[in-house]
Amino acid sequence: MSDALLSFKDVSYRYPDGTTALNNCSLTIRRGTRTAVLGANGAGKTTMFLHLNGILRPTDGHVQWEGTPLDYNRRGMRDLRSRVGLVFQNPDSQLFSASVREDVSFGPMNLGLEKEIVRERVTEALLAVGMTESADKPVHNLSYGQKKRVCIAGVLAMQPEVLVLDEPMAGLDAAMQTELTVVLERLHASGMTIIIATHDLDFAYGWADEVIVLQSGELLAHGLPAEILQQEDVQDELGAAPLVAEITRTLSLIGIDLRDKGYLPRSKNELLKAITALSIQEKTS
Amino acid sequence: MLIEQSAYTNRWRRVSPAAKGTFCLCGMIAAYAAAAPTTACGVAAVLCAVTVLGAGIPPMRYLRVAAPALLFLAVSALSLAVSLKIGATVGDLSLHLARTELERVAHVCSRSLGGLAALLFLALTTPLSDIISLLRRCKLPDTLLDLMTLCYRTLFVLSETVHETITAQSARMGHATITRSLRSMGGMVANLSVQVWQRSQALHLAALARNNDGALRFLEPDYPDSPRAISLAVISGLTLIILAVSLP
């Protein structure tokens, strides 16, 4: 596959205390796709992400970038980490400086770029996440959502090809979630590959091109959200199904099959549109 | 928090930290070089006026920030001026106030006041992150500056966590009596120690993820027209020193 960007080949990882966090995982992330990683707490999502960025090294198997196994020496890691940007869940554990602008400059400065280029990148990254106006505010005066956006800007300023976010929606209110979704959409439209760990099935169903489901460190399923999230074993593991998928299924049981009529709603809005369109059709015919 | 608030909102927030640092240094030299206590007090008054009138720090806030330091100074002055005299017989103790000592105390106090006013000028007009980047330009060791950066940032995370923990403990009657309060405090300290360790691990991972390999590097803030501000600070600072030295 020519568009394979990051691949896991039989990757296993055991923590020093003996806990197996990943067991024989093989998967491929394709360039330009949006991938949602689902799984219960402790299923191995964060461990998987730490492998994508080279912070953890598999105990068995290997991780590949464009088909070549990762090089774990200093230079190899420098290359990988400038290509794969990782945003952690808790903003207070990853913001170093009390100044927004300074913190965003941390990554590009580590890449050894010229100060002028760093300055430009910081401005661009803050613009991309809509935080330009808060650039000179101290970090401790920002809201939780704003801190999250600063974390994303800090990674964007390194201009990575892949953006990996660990539960970016956790702790955000609905309005902030919508804003963040808009930011992610814009980044995806610019060609960035995005991988997100989430517990929000409805978000994953509506947003992702592909979903990966992990179960106790093993890969349970990987594929299209519409197929994977309808599987019974996946629903058992995640404890639920996306609401839109459930409503679509129930409608088909009572004789209204949206799929037959050419509708494949993946979000609440798409579902409402499909139902409205169908009822208008019914009335006119 | 008061210092923090002023540093970010004062009129001279966007003036080059190098200029403000230079003026602060000149102020300290002037206070130290002043021959008479009155001159040193004069230097302190000038610096105070510059901070309040120039940078627009509300006088009441200035006093509140200065109060702890002033109290400390007053106690030290008292202990310097008054000495305990032990007499020949047992129980013959008397407090002694020496006239010659008084002069020395006046000198030390007035210099300290000047130094305090100079430092308050810098602290109230310049956010700490700007001061750190100024020190970085002055080639202070990286390790020291990294520690300052991390301490300054984590101080707020720590205070937030402490606040949340105390609220959570109070919600479950953790501070209802003094004994419970002590027990809760102990629990909090134990819990915080573990958290500090976990957070340091998380910060290390985050630094690795952003390609860090040692010293923390940040972009220095860019301030417009700094040559003009710096020359202004140098001229006014030197004037202050010359006046302090030449006045009797």
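Guide: One term is needed at the outset: a crossing of two helices is called left-handed if the near helix is turned anticlockwise from the far one by less than a right angle, and right-handed if it is turned clockwise. Please bear in mind also that this is a predicted model.

With that term in hand, consider helix H7 (residues 142-171) of chain B and helix H8 (residues 178-209) of chain B. Their axes come within 11 Å and cross at roughly 140°. Angles over 145 degrees count as roughly antiparallel; H7(B) and H8(B) are therefore classed as oblique to each other. The crossing of H7(B) and H8(B) is right-handed. On the side of H7(B), the contact is made by B:Thr161, B:Thr165 and B:Gln169, while H8(B) contributes B:Ser184, B:Met188, B:Asn191, B:Leu192 and B:Gln195. Sorted by class, the residues of this contact comprise 2 nonpolar, 6 polar and no charged.

A second pair of helices may be set beside the first. The axes of helix H1 (residues 2-9) of chain B and helix H5 (residues 99-125) of chain B come within 6 Å, and they cross at roughly 70°. Angles of 65 to 115 degrees count as roughly perpendicular, and H1(B) and H5(B) are therefore described in that way. From H1(B), the residues B:Ile3, B:Ser6 and B:Ala7 take part, and they meet B:Ala123, B:Leu124 and B:Thr125 of H5(B). This contact has 4 nonpolar, 2 polar and no charged residues.

Read from the N terminus on, the elements of chain B follow the order α-α-α-α-β-β-α-α-α-α-α. As for overall dimensions, the C-alpha atoms of chain B fill a box of roughly 65 × 60 × 35 Å along the principal axes. The radius of gyration of chain B is 24 Å, whereas a compact globule of 248 residues would have one near 18 Å. Of the 248 residues of chain B, 29% count as buried. Among the contacts in chain B with a separation of 6 or more, 77% join residues 24 or more positions apart.

Finally, chain B touches chain A, in a contact that takes 25 residues from chain B and 33 residues from chain A. On the side of chain A, helix H2 (74-83), helix H3 (100-110) and helix H4 (115-128) each supply at least two residues. The largest share, 7 residues, comes from H3(A).

Terms used. Residues numbered from 1 in each chain as written. Chains lettered and ligands numbered in written order. Predicted model: local features only at pLDDT ≥ 70, side-chain atom pairs only at ≥ 80, totals over all residues. Helix = DSSP H or I, 4+ residues; strand = E, 2+ residues; numbered from the N terminus. Rg over C-alpha atoms; globule rule 2.2 N^0.38 Å. Buried ≥ 20, exposed ≤ 12 C-beta atoms within 10 Å, placed from the backbone. Contact = placed C-beta atoms within 7 Å. Axes fitted to C-alpha atoms, helices over the stretch in contact; angles between N-to-C directions. Parallel < 35°, antiparallel > 145°, perpendicular 65-115°, else oblique. Nonpolar A, V, L, I, M, F, W, Y, C, P; charged D, E, K, R; others polar.
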